[in-house]
Every structure is written in C-alpha cells, then in structure tokens.
Number of protein chains: 2
Amino acid sequence: MAKIPVLEIFGPTIQGEGMVIGQKTMFVRTSGCDYSCAWCDSAFTWDGSQKPTLLTPKAIIEELDRLGLSRTGHVTLSGGNPLLHKALGELVTLLKKRDISLAVETQATFWQDWLLEIDDITLSPKPPSSGMTTDFDKLDSFIDKLGSANYSLKIVIFDEADYAFAKQLYVRYPNVPFYIQPGNAETEQSDERAASAYLLERYEWLIERATNCDTMIHARVLPQLHTLVWGNRQGV
Amino acid sequence: MAKIPVLEIFGPTIQGEGMVIGQKTMFVRTSGCDYSCAWCDSAFTWDGSQKPTLLTPKAIIEELDRLGLSRTGHVTLSGGNPLLHKALGELVTLLKKRDISLAVETQATFWQDWLLEIDDITLSPKPPSSGMTTDFDKLDSFIDKLGSANYSLKIVIFDEADYAFAKQLYVRYPNVPFYIQPGNAETEQSDERAASAYLLERYEWLIERATNCDTMIHARVLPQLHTLVWGNRQGV
C-alpha cells in the first residue's frame, strides 16, 4: 500500500463548519498544499513547522479505530489540500467498505477520481485576501466532473473584496448550495473567550452584510463552531 | 381570507438552529401553543404576556415585503406551535407561488395538510425536562404522513434524562436526519457575552457527551447561533 503523509488524526469531535456542520466526525489531516493562504489556520500543514508521518491506509484506520471510529461513522479528510494525494483513494475505499461516511474540503485545484466516492464535498475557492488566484476555467471543469455528487461551495470572507468574490461565485454556480463564513484574522489569539468574542463579532458583521444583500438570496451564513468552542487550538 | 394570530414578523436574519442552520430567512411567529414547556424560550407566545395581531395572509406578506422578502427568499413559520393554524395554508400557498422556500418547526402534535408544501420541516418532540409527555403512537403516524417530505428530528437536551429520550428517538426513527441541541436554562440572562459564554459551555458539554456515545452515531450537534450572537433578545 502506498503511504500518505499525515499530520494529525483526531476525534471523535464535530465538524465545525460548512455543509455538515455539527456532524459527529473524525479528522485525518494530510500535509502539503498547493496554496499558501495569507491567513491559513492550518499553516503547519505546509510551512515546514511540523513533520508528517508516512502512514498506510491500514495504519490510519487502526488509529481511527483506537480513537473511536465505531461510535462516529463519519471521517473528514482535510489538509492542506487532501486532493494532492492519490493514495487517499485506498483509504476511501476501505472506509466505504465499512459503511463510514466521508467528507472532504478542498480548494478544487487538483482532481482525484476517489472524490466521486465522497459523501459531502466542500469546494472552497480562496478569496482575494488569501493572496491566491482562482482559475475559473479550472473550477468550471472540476465542478463539471463532480456531476451528481453531493457538493457545496464555501467561501471565507474577511472584507468587501472577499464578499464581491463570493457574489461572483454565487452567480456563476446558481444551483450549488452556497455557504459563507467569516474569516479568522486572529489565529494567534490563545485566550479562548477573547477568540470567541472576536469571532461572534465577525459573524454578526457577515450576517448583517448578507441579510442586506440582494444577490446571495439563498446563502447560508455560518461561523466556525470549533473555534468558538475551543479557540485556536490544534487537534480539536 | 381567514386571519392568523401573529406575534411577530421579523428579518431578514439567519436561521439559528437545526437542519437549515445559517440559512438567510425571515420569521413569522404565530401565537398559541398546546404545550407549555418549563424552559420555553418563546413563552410570550402562550403565557398571555403579549397580545397577537390578527392578520390575513396578504397582510403578512405585505409586511414581509416591506422588511425585505425579495432579498431573502426563505420564510420560517414558528410559534408557539404553528400547526395549530389551518389558515397558514393560504399563506403557504401564496408564498410558494412566489417561489419562496419555507421552513416550519413543530412538536408534531397537530397535523395540517399544508405541511406537505413545506421545504424544511423540523420535528422537535420535547424531552422530560420540559414537563411535557410525547405520545409516540401519535408521533409515528405524524411521521408516516410526512412520506417523502424533507424533515428532521431536533431534540433539545438539558440533562441525562433528556439525552436518554433523544437516544430513544434516534433508535425509533433510524433513517431520519437527527439533530441535538443544548438547552438554554438562562433565558433571563440579559448580558450577551455572559449568555454566549454559558451557551458555549453547554454546547461543549453536549459535544463531549455525544462524541462518547455509541448509540447516536450519525447525530449532528448544534448550538443556537442566534442566541450566541444576540443573547436572549426577541425579534432577531
């Protein structure tokens, strides 16, 4: 079996954001990313500050089992960009055989065929504040390939330029379930209550912005629940 | 047109809980309830402290339009128990003609045929801490009638007895999307930050409880977002 560079395996916990918000899940976080977003809240997956462990799919499942897979039934593949890893396909197949539901989040820049076996796919193109540029033609064909898969768009929003980017996507993909989420500019804040107060203020700002918007009629506006509860801690 | 006893019409805002959490929506809150839950957070709908206004469906829509229905596209019918009001059927028909999506929350004790036109139906049987008793035979036939409608169960949980009640429902209706939500015992707390700190603690407790549970494998654990953001204020 090919090995996968893994940075952390944790849970059971809940999915803190997006289309399956609140879902009991476990996380497998791979290392490596083709992006380097200015405000990345998981920069340790690509900035060299933490070293991944190379694990076979079987070893990953052993660790999930040890932590509590049997009482969860749902695994989230996260990164970094998990779509960099073709070898995740073996893990996906093994987990689906055990009737585990799977979620993935990706910026939708690299395709892997195993994506079509995923139950909940979150596409998160990055807004201008990230410093990254979205290739819309590439995104179009990525979304075409998804066909009838269960997917959504989720855009992180820090400011008006990001909001305009989200509107552009909303209009371009009118039939895709659409989530917006306030950005977290204080990923270094270590006081949990200060972190949650700040995030609730940013969430209130985004609600106000979205409810006064006549473009994104059917958007869903959600915070990052795990950050509200646990602050900026890793591994929850 | 028959008139409907309305306590408040507000929005645009977001849906704070359950299956369409985060959705941009507007609220029509009817008065009257066949229950009187010990911890009801909208007791003003049934305790006589606030008087409803009798409004025709047309008048309700005029008010929704004035507030911003065109930039929302989604209305939540809430109470009290909105299923007490047969006349809501006319409002539902008029809103559906305008391509507005609709959500309802009810304890599932009274049936109305207009329910089958609703896009997102939340059934919220009340746990022991409410002081109410669920008639499971009645709930069975209510759920039978829903057929292929889009519905979910949502249970508020204050303590271990409530948790046991939720497990019972989870096992009884294994194919129904299932949400659990921490109860708010401090509905009189007027300080917003104190309210959100308390609710985040209760939410963390429920996450801990649920992630260690091998019965409710696929449950989704969600807080009340509107209370986190705005505290116990009415009209948001």
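Start with helix H5 (residues 192–211) of chain A: it lies across S1 and S2 of chain B, running at about 110 degrees to S1(B). On the chain B sheet there is also helix H2 (residues 88–97) of chain B, which touches S1, S2, strand S4 (74–78) and strand S5 (101–106) of chain B. The direction of H2(B) makes about 150 degrees with that of S5(B). Keep in mind that this is a predicted model. The points below go through the sheets, the helix pairs and a few backbone details.

**The sheet of chain B**

- Chain B has an open sheet built from 9 strands, and the pairing in it is mixed.
- If you want to trace the sheet across, the order is S3-S1-S2-S4-S5-S6-S7-S8-S9 (chain B).
- Its edges are strand S3 (53–55) and strand S9 (220–221) of chain B, and each of these pairs on one side only.
- Strand S1 (residues 4–14) and strand S2 (residues 24–30) of chain B run antiparallel, and 6 bridges join them.
- For a spot to look at in that pair, find B:Val6, which stands opposite B:Thr30 in S2(B).
- As background, strands of a sheet pair through backbone hydrogen bonds, and they can do so parallel or antiparallel.

**The sheet of chain A**

- Over in chain A, 9 strands form an open sheet with mixed pairing, in the order S3-S1-S2-S4-S5-S6-S7-S8-S9 (chain A).
- Strand S3 (53–55) and strand S9 (220–221) of chain A are the edge strands, pairing on one side only.
- Strand S2 (residues 24–30) and strand S4 (residues 74–78) of chain A run parallel and are joined by 4 bridges.
- Within that pair, A:Arg29 has A:Ser78 of S4(A) as its bridge partner.
- H3(A) packs on this sheet, where it touches strand S5 (101–106), strand S6 (120–123) and strand S7 (151–157) of chain A. The direction of H3(A) makes about 170 degrees with that of S6(A).
- H5(A), the helix we began with, packs on the chain A sheet too, touching S7, strand S8 (178–182) and S9 of chain A. Its direction makes about 135 degrees with that of S8(A).

**Helices H1 and H2 of chain A**

- Helix H1 (residues 57–67) and helix H2 (residues 88–97) of chain A pack at an angle of about 50 degrees, and their axes are 9 Å apart.
- H1(A) brings A:Pro57, A:Ile60, A:Ile61 and A:Leu64 to the contact, while H2(A) brings A:Glu90, A:Leu91, A:Leu94 and A:Leu95.
- Sorted by class, the contact of H1(A) with H2(A) has 7 nonpolar residues, no polar ones and 1 charged residue.

**Helices H3 and H4 of chain A**

- Helix H3 (residues 136–146) and helix H4 (residues 160–172) of chain A pack at an angle of about 45 degrees, with axes 13 Å apart.
- That angle makes H3(A) oblique to H4(A).
- The crossing where H3(A) passes H4(A) is right-handed.
- On the H3(A) side, the contact is made by A:Phe136, A:Asp137, A:Leu139 and A:Asp140. On the H4(A) side you will find A:Phe165, A:Gln168, A:Leu169 and A:Arg172.
- The contact of H3(A) with H4(A) is made up of 4 nonpolar, 1 polar and 3 charged residues.

**Helices H3 and H4 of chain B**

- In chain B, helix H3 (residues 136–146) and helix H4 (residues 160–172) pack at an angle of about 45 degrees, with their axes 13 Å apart.
- H3(B) and H4(B) are therefore oblique to each other, and their crossing is right-handed.

**Backbone details**

- A cis peptide bond joins A:Gly11 and A:Pro12, with omega about -5 degrees. A:Pro12 sits in strand S1 (residues 4–14) of chain A.
- In chain B, a cis peptide bond joins B:Gly11 and B:Pro12, with omega about -5 degrees, and B:Pro12 is in strand S1 of chain B.
- A:Asp99 is not a glycine, yet its phi is positive, near 70 degrees. You can find A:Asp99 in the loop between H2 and S5 of chain A.

Methods
Residues numbered from 1 in each chain as written. Chains lettered and ligands numbered in written order. Predicted model: local features only at pLDDT ≥ 70, side-chain atom pairs only at ≥ 80, totals over all residues. Heavy atoms only, no water. Pairing = 2+ DSSP bridges. Helix = DSSP H or I, 4+ residues; strand = E, 2+ residues; numbered from the N terminus. Contact = heavy atoms within 4.5 Å. Axes fitted to C-alpha atoms, helices over the stretch in contact; angles between N-to-C directions. Parallel < 35°, antiparallel > 145°, perpendicular 65-115°, else oblique. Left-handed = near helix turned anticlockwise from the far one by under 90°. Nonpolar A, V, L, I, M, F, W, Y, C, P; charged D, E, K, R; others polar.
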